[in-house]
Amino acid sequence: MFDYAKAWEGVSGPGHWPDCDMIQIGKLSKRGPVGEERYSRFTKDEEITHMTFWSIFRSPLMLGGNLPENRPFELNLFRNGEVLAVNQQGENPRQLFNENGKMAWYSHVQGSKDIYLAIFNLNEEPTDIDVLFNSLGLKGKVVVRDLWKKQ
């Protein structure tokens, strides 16, 4: 979906949001019509990446699974109000960079100088990813908050 989103960069706005399709997290199939009952096959890190990208890109957050049977980890992904605010209150999502398996997207917080930033490691191994705050137009002292950890 990263390539899809890049192709649609800059065309979203009130009343027209590019749709990255259904969120594939949690209980996806209860009983048919295709295949057996199952949960998403994503790892927890992949589920966080999935929800983070749908949120920063402002894709509609449509869940196609059976909500009552989701596990606590998945329910926490769907209930994190700070992450949901990125989806609901971000403006003009843009890709900041995509190099060597390291990617960042950002959007502006409505009515504020604040910025939402999502950083993605697309490599198989852990890696450090540097983001220069001045590349986001930020100067001086910057306060950073991890919305997933709420700290």
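Lys27 forms a salt bridge with Glu69, the closest N and O atoms being 2.7 Å apart. A salt bridge here is a side-chain nitrogen of Lys or Arg within 4 Å of a carboxyl oxygen of Asp or Glu. This pair joins distant parts of the chain: Lys27 lies in strand S1 and Glu69 in the loop between helix H2 (44-57) and H3, 42 residues apart.

The model is predicted, so that local features need pLDDT of at least 70 and side-chain atom pairs count only at pLDDT 80 or more, while totals for chains, interfaces and linings use all residues. Residues are numbered from 1 along each chain as its sequence is written, and side-chain values use heavy atoms, with hydrogens and water left out.

Lys27 also meets Glu37 in a salt bridge (2.6 Å, N to O). Glu37 belongs to the loop between strand S1 (27-29) and strand S2 (38-39), 10 residues from Lys27. Helices (H or I, at least four residues) and strands (E, at least two) are DSSP runs, numbered from the N terminus.

Lys27 counts as buried because its relative accessibility is 2%; buried means under 20% relative accessible area, exposed over 50%, and partly exposed in between (1.4 Å probe, protein chains only). Glu37, at 46%, is partly exposed, and Glu69, at 23%, is partly exposed.

By the rule above, the count comes to five salt bridges. Another of them pairs Glu82 with Arg145, with 2.8 Å between the closest N and O atoms. Glu82 is in helix H4 (residues 81-89), and Arg145 is in the segment after strand S5 (115-121).
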